[in-house]
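I opened this model to look up a few side-chain features. My notes are below, in the order I made them.

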Amino acid sequence: MSRDLVISGAVEPKRQGKQVMRKLEQGWKSIKKNKVSYLFAAPYMILFFAFTALPVIISLILGFFSFNLLEAPIFVGMDNYIRLFLGDDIFIKAIGNTFLLAVMVGPIGYIMCLVFAWLINELPKSLRTILTLIFYAPSISGNIYLVWGIFFNKDAYGYANAILLRYNVISSPILWFENPKYMMTLVVIVALWTSVGTSFLSFIAGLQGIDRTLYEAAAMDGVKNRWQELWYVTLPSMKPQLMFGAVMSITGAFGTGAIVTALCGMPSNSYAAHTIVNHLEDYGAIRYEMGYASAIATILFIIMIGANKIVQMLLAKVGE
């Protein structure tokens, strides 16, 4: 019996090796057969690798080095990561602010996009087009933060301060974007306002592409109201758009940084609205500590991947 086990143990690796070689041969034959398709895809793949995949790989590697752009990189192992979690109090605060923004803006913004898209999809085509443009406009406006800067201006000419002063709610103007008490609340509001963007358009497209006969079949199978239609027909039929929207919402929520910089400055007062992206910009674009900045980017990358996996598991349950 032991001899048979030895023989089977020796044969198994050979069998696996043959299977791998067979798959490689099949893959190579497929490439030769579809070489024209691969040639057409090559320009995009080369650019994608050069400007997206390769920088990510380099960043992952630089996280283990000390590098200031002027001197040769010095390998420091896990020192950057140890410094991040054990010696950088601002980074710990940035993680808290980032997760607060992600929890508030991500799910709420995602649900807002879905609800608005669902409601607008029920309207006539002309009205639907106008409302789609209105809802999408804030995410593509060039001076998007100018409106909020004027409304919450720190002097008496800001609309918010003017209204509160007029009705004697306050006795002196509030420094909205300099007071840590109000910073995060205003950043969350602005982030939600700008979150109705690409995800919203993808949901509109997904709703437009649903086969209407599915609703008739569902009615015959016992679906009685619009909520059941939404859960058992609409959402399962647009899972690709739901996943795309989730990825965009997660990326936008965890990648919040420009809003904080535009409204609260860099860094914000007492780091009250400081996020991981702001911390990354601080060390990468201002201090040029590229190794440390790469470690920050790696942590953010891992957080985003983990959040995407959780969302995938949740979306898999849609319609069950």
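**Ground rules.** I noted that this is a predicted model, in which local features need pLDDT of at least 70, side-chain atom pairs count only at pLDDT 80 or more, and totals for chains, interfaces and linings use all residues. Residues are numbered from 1 along each chain as its sequence is written, and side-chain values use heavy atoms, with hydrogens and water left out.

**Salt bridges.** I took a salt bridge as a side-chain nitrogen of Lys or Arg within 4 Å of a carboxyl oxygen of Asp or Glu. By that rule I count two salt bridges. In one of them, arginine 83 meets glutamate 289 at 3.3 Å, N to O.

Arginine 83, at 33%, is partly exposed, and so is glutamate 289, at 27%.

I also found a salt bridge between arginine 287 and aspartate 282, at 3.1 Å, N to O. Arginine 287 is partly exposed at 40%, while aspartate 282 is buried at 10%.

**Charges over rings.** A charge sits over a ring if NZ of Lys or CZ of Arg is within 6 Å of the ring centre and within 35 degrees of the ring normal. Arginine 83 turned up again here, over the face of tyrosine 292 and 3.8 Å from the ring centre. Arginine 287 also came back, with its charged end over the ring of tyrosine 283, 4.3 Å from the centre.

Arginine 128 lies in helix H5 (residues 125–136). Leaving aside neighbours within four places in sequence, arginine 128 is in contact (heavy atoms within 4.5 Å) with Ile120, Asn121, Leu123 and Gln208.

**Aromatic pairs.** Rings of Phe, Tyr and Trp (its six-membered ring) pair if their centres lie within 6.5 Å; planes under 30 degrees apart are stacked, over 60 edge-to-face, and the rest tilted. I count 14 aromatic pairs. Tyrosine 44 and phenylalanine 48 are stacked, because their ring centres are 5.9 Å apart and their planes are at 25 degrees. They are four residues apart in helix H2 (residues 35–62), which means about one helical turn separates them.

Phenylalanine 99 and phenylalanine 254 are edge-to-face, because their centres are 5.6 Å apart and their planes are at 85 degrees. Phenylalanine 99 is in helix H4 (residues 89–121) and phenylalanine 254 in helix H12 (residues 239–254), so the pair ties together parts 155 residues apart in sequence.

**Helix H9.** Buried residues of helix H9 (residues 198–208) include Phe200, Phe203 and Leu207. Among the elements covering the buried residues of H9 are H4, H5 and H12.

**Cysteines.** A disulfide is a pair of cysteine sulfur atoms within 2.5 Å. I count zero disulfides. Cysteine 113 is buried at 0%, and cysteine 264 is buried at 10%.

Key. Buried < 20%, exposed > 50% of the residue type's maximum accessible area, 1.4 Å probe, protein only. Helix = DSSP H or I, 4+ residues; strand = E, 2+ residues; numbered from the N terminus.
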